[in-house]
Amino acid sequence: MNQIAEWDWDTKEKYIADINEWRKKFPVVRGLVASDDGEKIATVIQTEDNRFTTCVNGDVWEETFERLWSLKFTPDNKFICLTYKDYEWALAVDKEFWEDRFDSAWNLTLSPDGKNIAINVKKEESYGVSLNGNTWENRFVDARDIALSPDGTRTATLIQTKRLKEGDIFGFQEGIWTVAVDGTPWDKTFVNVWGVTFSPDSKHVAVEVRFNLYDYTIAIDGKTWEKVYNCVWEPLFKPDSNDIIAPVKTSDGWTLAINGQPVWDTYVQLWNQRFSPDGRRIAAIVAPEYGRWTIAVDNIPWNNSWSDAVLPPIFSPDSKRVAAVVKESRNPFHMESALHNVEGNNRYSIAVDGTPWPGDFEMVWDPIFSPGSDKVLAKVEKNGKYFIAIDGRIGKHGYEALWNPVFSPDGEKLLIRCVEGGRYYRRVVPIHEI
Amino acid sequence: MLEFLMSPAVYSFVRGPLVWIAFLVFIVGSAYRIYVMISTVKKEKLVLPYMSLRYSIRSILHWVIPFGSVNWRRHPVITIVTFLFHICLVFTPIFLLSHNILWHESWGISWWTLPESLADIMTLIVIFSCVFFFFRRIIASEVRFVTYPSDFLILAIAFLPFLTGFLAYHQWLLPHEAMVNLHILFGAIMLIAVPFSRIIHMIFGWFTRAYTGSEFGMVRHVRDY
Amino acid sequence: MALAVKQKEKAWGKVLDAGLDETIKKLTPEKIEQVIKKALEKMGPGRLKTMVETCIHCGLCSEACHTYLSNDRDPTFAPVAKVKQTMWPILKNKGRVSPEFIRRAAEIAYTECNLCKRCSMYCPFGIDMAYIILSVRRICHLLGVTPLYLQDTAHSHAVTMNQMWVKQDDWIDTLQWQEEETRGEIKNPIIPINKEGADIMYSVIGPEPKFQAHLMGQAAVIMNVAGIDWTYPSFDGWDNSDMAMYSGDHEIMGRVKRAHFEAAMKLKVKKIVMGECGHAFRSIYDVGNRWLGLRMPPVPVIHAIQFYYELLREGRIKIKKKFDKPVTLHDPCNVIRGRGLHEMARYVTNALCEDFREMNPNKEYNFCCNAGGGVINCGPPWTKKRVISNRVKAEQMKATGAPIVITPCHNCHSGIEDVIKYYKLGMHTKFFSQIIVEVMEIPEKFKL
């Protein structure tokens, strides 16, 4: 939030780059990545000799690579990407490389302040993690998924502890997967581990585990909940606490468990649970009946439900309101079409506290609450153009490309990062002008 | 034994309480089976959201019309026998003159009746169909492999009321009274057996057909016939 | 019981499979009873019992089954016979059956039935035999008795969310490497990774990156030339396949499907287009989605056949010169009988090929390849049984006289190639995509 206050909220419009010109200059211009504050726009460009490099605000990096991907801006506007040259992967931060090189590098992850960077790596035929260029000494047969602690100092990944012969189902069922935290594996191994996550104080790690082919539970720092379930989904720590909530499947259906004890009613489905910022409320996607989807807040489902899907709930900053993307189809059994939208189907919208916006859109991005929690807006797509919609009302301007808008700290203005007429602009617009 | 069978006491039992019991068991039992089936299927959650009236009807129609489905067309003899058997099995007892007289005597209701000679032929069709099915179960290897004694029992349950009815009408083999009593007894057994045996297919079959018809028609966009 | 356990000596002999033979050693009738009782409670007496009780044992389903016809009408291969040897005794004895019975039941459920549902079309009551056999598989899974190769695949799904133990970095590497490869075909192809807001997420099955990466290259050619706004996820969920559906591991099946759907929703795509795979399609509209509580997929999933149909119909790809060898078309059960794409498949075939010869029977009534339903995934021990049990397919294909069989499904593709080899038919299988890339017009801007 503090960083946002420091952004330029006065300049009405900055014309940052002419993307069309880039397109003329280079054989291929890939997807665009805008910085959080909108001041920078980056892409991967392909050169005549089929090599790749980056272009940030028109500044082309003279070094070229065989491969280049995973572009990201940190909140403080450092530009990161993964590069590949002479059979080696390297991570570059503002054109500076980490010293270490890798056989593979992926799952680029930033700490919330953007000051710490972690990636999964493969090096010397073994797998692990590199945090800020410090690669784990301990590496493993395989590593997948990465978690970076909120303070940015610790990393965890799911690892395979033993190599198995092909088709050794019995060896696999003895349990050869676990979690490694900062390079140290847990003592206990499992048949499966999924959904690794850190506690808010960065001290604990939780995952879903499967003991055998049938019994699931949650493990924290290698210790499992006493109760086992038919299935579980990803655990989540409560803010400012070490309590864990996770959806669990009992013989009656899905419910939410806190520290191993089911506390909610059962639903046909329950997943993507989220805490309110104050940690007092929980919202989750639920299916109160088969084929109907909604959000339940503190175990009370909204009155409305939707046929296709509801996306993860988003709390307002004051923890009082919840919004989510919802999707409905009138002809669910239609053959559908790859190239066209079928009338009445795939209608995306936003629902706030259970009430859907009146209109619907071809696509809707995650809802964004104003700092005062009174307004909800979202990037939406209509007729192939992107708009900002506020509280159900679609904005006047349609853009060729648009990034999620950002509220000014006082909630009066919006930062709009957009492409119009082939040009990338950074605009600051008062809310009432949208 | 024969005397016992012919006795008016037996007649008044089979003609009175037994008929009541039979119809009661048949109707209440079948209704109960339907209720249990629907409520358990409801609990499964995965069936009702995929049901479609239109495709249920489409499917049922193709299968209740002779040669309306590919498999009926592939087996003309079985198709003809199966349809004749079921039509005669169901409609002969309902529209038989003597049954109508009984309805009238008991409840004061009656309706259109079959000419007696036609009813006679229909009864014979049921009888010979049963013989056909009996031999098919023995001769056709794919049927024999899945045949249990209960399959013969079900066949016998369908067969005996018609055989005794036929014999009673023609007053063959046993004295009329004895045969009539036997006929009513077997008829009652058939009704009572419906909810307790795989004769339940006469009720469940419509539902399974409707379900598959819906899944194939609405979800899968194909024919199921 | 003796009848059910009895196994006739067949040309393929007794097949050894540690996934069945070793695992039953740990079972006792008591344990089996306990597991099955619990399983049946959950399956509920709804559909399963209604269907079993409605069956009048008429045997009219027999001729629907390719294994029955191919094994000289051996009555033990009739669909109803498979239920008789598995679910009937299980229900009748309330789960009290022997380990040997379970071994035999597993062999029937996993290697003698493709869940192709052809028998449901032939059953006067429309009894869903595939559902009953899937329930038998569920029981076998809960007892830990599953063919080894299939179980290994289910393990792969559980760990990696894909079918072939493809590691996260290998997947990304394959995408980038295939883009490089495609540069040999067209000018400046792009394989977009994680392109948020693209129209289409294209999804493949595990074997593509593992063994048949060229298919991904071909897909890239088609996508680029047709001007599709598409993307792949770099993360788990890219694989649409789901063998856990066939092993009976519902929980992993659901997890894999959730990953697939959530990948699409995370990327904000409007549709998923999947490659030429049959069972993956079934897993998204029929089985996997339903376990999750989704009536239909949350994001429309379009099968490659329909996708090509739309591209050809709307002129998004044009044909330079039609494929001139005679072709026949195999209708994969899961997309044809499963989702009615037969007319579109014919439109595509006719648009691409000069000489199209129908197999008979065809469309919804086509015979299964005998590889689907997880049968080919039971691996090499069962190959001989699988091809011998599909002689009718060989005869059906041979009668067309076409040297090429188009098989728009991975399992059909491999399974039919095996049938062709065993019966020395001198034919070859092809995917639609292979023919499209061969015959399509490459627009100026993509010409090298």
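What covers the buried residues of helix 4 of chain C? Here is a set of close-ups that starts there.

This is a predicted model, in which local features need pLDDT of at least 70, side-chain atom pairs count only at pLDDT 80 or more, and totals for chains, interfaces and linings use all residues. Residues are numbered from 1 along each chain as its sequence is written, while chains are lettered from A and ligands numbered from 1 in the order in which they are written.

**View 1. Helix 4 of chain C and its cover.** The buried residues of this helix are C:Arg47, C:Thr50, C:Met51, C:Val52 and C:Thr54. A residue is buried if 20 or more other C-beta atoms lie within 10 Å of its own, exposed if 12 or fewer, and partly exposed in between, with C-beta atoms placed from the backbone. Their cover includes helix 2 (8–44) and helix 11 (201–219) of chain B, together with helix 7 (87–92) and helix 10 (129–143) of chain C. Helices (H or I, at least four residues) and strands (E, at least two) are DSSP runs, numbered from the N terminus.

**View 2. Chain C meets chain B.** Here 39 residues from chain C and 40 residues from chain B take part in the contact; two residues are in contact if their C-beta atoms, placed from the backbone, lie within 7 Å. On the chain C side, helix 4 (47–54), helix 6 (79–84), helix 9 (118–122) and helix 17 (279–292) each supply at least two residues. Helix 4 of chain C gives the largest share of that side, five residues. The chain C side divides into 16 nonpolar, 12 polar and 11 charged residues. For these classes, Ala, Val, Leu, Ile, Met, Phe, Trp, Tyr, Cys and Pro count as nonpolar, Asp, Glu, Lys and Arg as charged, and the others, Gly among them, as polar.

**View 3. Helix 16 and helix 17 of chain C cross.** The axes of helix 16 (residues 250–266) and helix 17 of chain C come within 8 Å and cross at roughly 110°. Axes are lines fitted to C-alpha atoms, for helices over the stretch in contact, and angles run from 0 to 180 degrees between N-to-C directions. The two helices are therefore roughly perpendicular to each other (under 35 degrees is roughly parallel, over 145 roughly antiparallel, 65 to 115 roughly perpendicular and the rest oblique). Look for C:Met253 and C:Lys257, among the contact residues of helix 16, and for C:Ile284 and C:Trp291, among those of helix 17. The contact residues divide into five nonpolar, five polar and two charged.

**View 4. Domain 1 of chain C against domain 3 of chain C.** Chain C is divided into domain 1 (2–146), domain 2 (152–313) and domain 3 (327–439), with bounds from an automatic or database domain assignment. The centres of domain 1 and domain 3, taken over C-alpha atoms, are separated by 26 Å. Their contact takes 19 residues from domain 1 and 21 residues from domain 3. Helix 5 of chain C gives the most to the domain 1 side, with four residues. That side has 10 nonpolar, six polar and three charged residues.

**View 5. A:Trp89 in strand 8 of chain A.** This strand covers residues 88–93. A:Trp89 is buried, with 23 other C-beta atoms within 10 Å. Residues that A:Trp89 touches, not counting those up to four places away in sequence, include A:Leu82, A:Tyr84 and A:Phe102. A:Trp89 and A:Ala105 are 16 residues apart in sequence and 6.3 Å apart in space, C-alpha to C-alpha.
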